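Visitor: I am new to this structure and would like a friendly tour. Could you show it to me and then take my questions?

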Amino acid sequence: MRILGIETSCDDTGVAVYDSQLGLLGHRLFSQTALHAAYGGVVPELASRDHIRKVLPLMREVLAASSVQPHSLHGIAYTAGPGLAGALLVGAAIGRTLAWAWQIPAIGVHHMEGHLLAPMLEPDPPSFPFLALLVSGGHTLIADIRALGDYRVLGESVDDAVGEAFDKTAKLLGLGYPGGPAVARAATQGTPGRFQFPRPMTDRPGLDFSFSGLKTAALLAARETTLDAQAIADIACAFQEAAVDTLVMKCARALSMTSHSRLVVAGGVGANRLLRERLAGLAGPMNVQVYFPRPEFCTDNGAMIALAGAMRLEAGLQEGPGFTVHPRWPMGDLPSIA
Ligand code: KG4
Ligand code: ZN
């Protein structure tokens, strides 16, 4: 099955063609980072307008570069949520309209399911069941993934998502947007140990997270110090250490509590080098295999949406010609496969 995927949930326009026999045939991404940088965060109306400008040109590029004709496509997958309503509507409207014109099925994909399945785009893909750590700008959760569509959330953030905490910390340190990569970059110049931040909620049982206190710890440290380049790097370093340490501790705990032998890491923060190193370090001691998407497929992309759509359409899922988007969409509400 050959599927065109469209991602427009936030500030990246992603388009890809995935073939369930041949793998990923092509993909393109246009990042709106420069458009939003001046505002220190994503401006929803600007995001929607830019998706409108970019989806079709990107689609033409992907189809031409992968030598795929529309008549050889078997379906279209678009991100139906969660995300910004206007931005989601652009991908949904274009996906549905082309599917109607080309007389092929279309399917709305859950953005987080896309992230979750992204490691399956890699050469040595994980098979079900597995434990997943999903870390993005809007979500931080550990889930028991039993089969396609059978997901149980074991723990999640009670306040800020870890990506959000990276972004807010970057902002208060004057490191700009997007914050995650900026904090990681600054941290490489930091002196480990100059600041010590808490590892929130690791001293109580359970798998929930809390990251807003960590961001506040960074804010207090910034206020109490002369904020020169070295202090900024040192705070970034302490923040990253504490955030990564917390995620790794909870993953180790979740692996001991379950019988999983595979750990899948996905979402934008999964691109963080320190997190990748530390989680890979769990493989030996915990006797598990750890899977990551390549860094460019940790952050938003069309390939993961095409893949998730292909898996759902192959499993026989169908949708009518109308469409709706879900700016908020708990993973537990996903249409089940069975
Ligand atoms: O998955 P994603 O691209 O979009 C959402 O679905 O939210 O995740 C974006 C988040 C942002 O908060 C960004 O700062 C963070 O992922 N991020 C990183 C890194 N690259 C992206 N955080 C830490 N280190 C990175 N290298
Ligand atoms: Zn995402």
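**A guided tour in questions and answers**

Guide: Welcome! The structure holds 16 salt bridges. Please keep in mind that this is a predicted model.

Visitor: Let me begin with one of those pairs. Which residue forms a salt bridge with Arg2, and how far apart are the closest N and O atoms?

Guide: The partner of Arg2 is Asp19. Arg2 belongs to strand S1 (residues 2-7) and Asp19 to strand S2 (residues 12-19), so the pair ties together parts that are 17 residues apart in sequence. Between Arg2 and Asp19, the closest N and O atoms are separated by 3.0 Å.

Visitor: Are Arg2 and Asp19 buried or exposed?

Guide: The cut-off for buried is under 20% relative accessible area. Arg2 has a relative accessibility of 16%, and for Asp19 the value is 7%. Arg2 therefore counts as buried, and Asp19 also counts as buried.

Visitor: What about Asp150 and Arg152: buried or partly exposed?

Guide: Asp150 and Arg152 form a salt bridge, with 3.4 Å between the closest N and O atoms. Asp150 comes to 28%, so Asp150 is partly exposed. Arg152 comes to 41%, so Arg152 is partly exposed.

Visitor: Which residues are linked with Asp160 in a network of salt bridges?

Guide: Let us start with one pair: Asp160 forms a salt bridge with Lys215, at 3.1 Å between the closest N and O atoms. Asp160 sits in the loop between strand S8 (150-156) and helix H5 (162-172), while Lys215 is in helix H7 (residues 212-223), so this pair ties together parts that are 55 residues apart in sequence. Asp160 is buried at 8% relative accessibility, and Lys215 is buried at 18%. The residues linked with Asp160 in the network are Glu164, Lys168 and Lys215.

Visitor: Now for the metal. Which residues are the protein donors of the zinc ion (ligand 2)?

Guide: In sequence the donor residues are spaced H-x3-H-x184-D. His111 is in helix H4 (residues 111-117) and Asp300 is in the loop between helix H11 (295-298) and helix H12 (303-314), so this pair links distant parts of the chain, 189 residues apart. The donors lie 2.0 Å from the zinc ion: His111 (NE2), His115 (NE2) and Asp300 (OD).

Visitor: Are His111 and Asp300 buried or exposed?

Guide: The relative accessibility of His111 is 6%, so His111 counts as buried. For Asp300 the relative accessible area is 13%, so Asp300 is likewise buried.

Visitor: How far apart do the C-alpha centres of domain 1 and domain 2 lie?

Guide: Domain 1 takes in residues 2-117 + 297-333, and domain 2 takes in 128-292. Contacts between the domains involve 19 residues of domain 1 and 20 residues of domain 2. Their C-alpha centres lie at a separation of 27 Å.

Visitor: Which residues of domain 1 lose the most area to domain 2?

Guide: The two domains bury about 1,600 Å² between them, and 76% of this is on carbon and sulfur atoms. On the side of domain 1, three residues together account for 38% of what is buried there: Leu116, Cys298 and Met331.

Visitor: And which helix gives the largest share of the side of domain 1 that touches domain 2?

Guide: The count between the domains is 0 salt bridges and 4 residue pairs in polar contact. Helix H1 (33-37), H4 and H12 each supply at least two residues of the side of domain 1 that touches domain 2. The largest share, 5 residues, comes from H4.

Visitor: Where does Asn272 lie, and which backbone nitrogen is 3.0 Å from a polar atom of its side chain?

Guide: Asn272 is in the loop between strand S9 (262-266) and helix H9 (273-280). With a relative accessibility of 8%, Asn272 counts as buried. At the start of H9, a side-chain oxygen of Asn272 reaches to within 3.1 Å of the backbone nitrogen of Leu274.

Conventions. Residues are numbered from 1 along each chain as its sequence is written. Chains are lettered from A and ligands numbered from 1 in the order in which they are written. This is a predicted model: local features need pLDDT of at least 70, side-chain atom pairs count only at pLDDT 80 or more; totals for chains, interfaces and linings use all residues. Side-chain values use heavy atoms; hydrogens and water are left out. Donors are N, O and S atoms within 2.8 Å of the metal (3.2 Å for Na, K and Ca); water is not among the atoms, so sites may look incomplete. Helices (H or I, at least four residues) and strands (E, at least two) are DSSP runs, numbered from the N terminus. Buried means under 20% relative accessible area, exposed over 50%, partly exposed in between (1.4 Å probe, protein chains only). Domain bounds come from an automatic or database domain assignment. Contact means heavy atoms within 4.5 Å. Buried area is the accessible area (1.4 Å probe) that two parts lose on being put together, summed over both. A salt bridge is a side-chain nitrogen of Lys or Arg within 4 Å of a carboxyl oxygen of Asp or Glu. A polar contact is a pair of N or O atoms within 3.5 Å; within protein, one must be able to donate a hydrogen and the other to accept it, and residues adjacent in sequence count only if both atoms are side-chain atoms.
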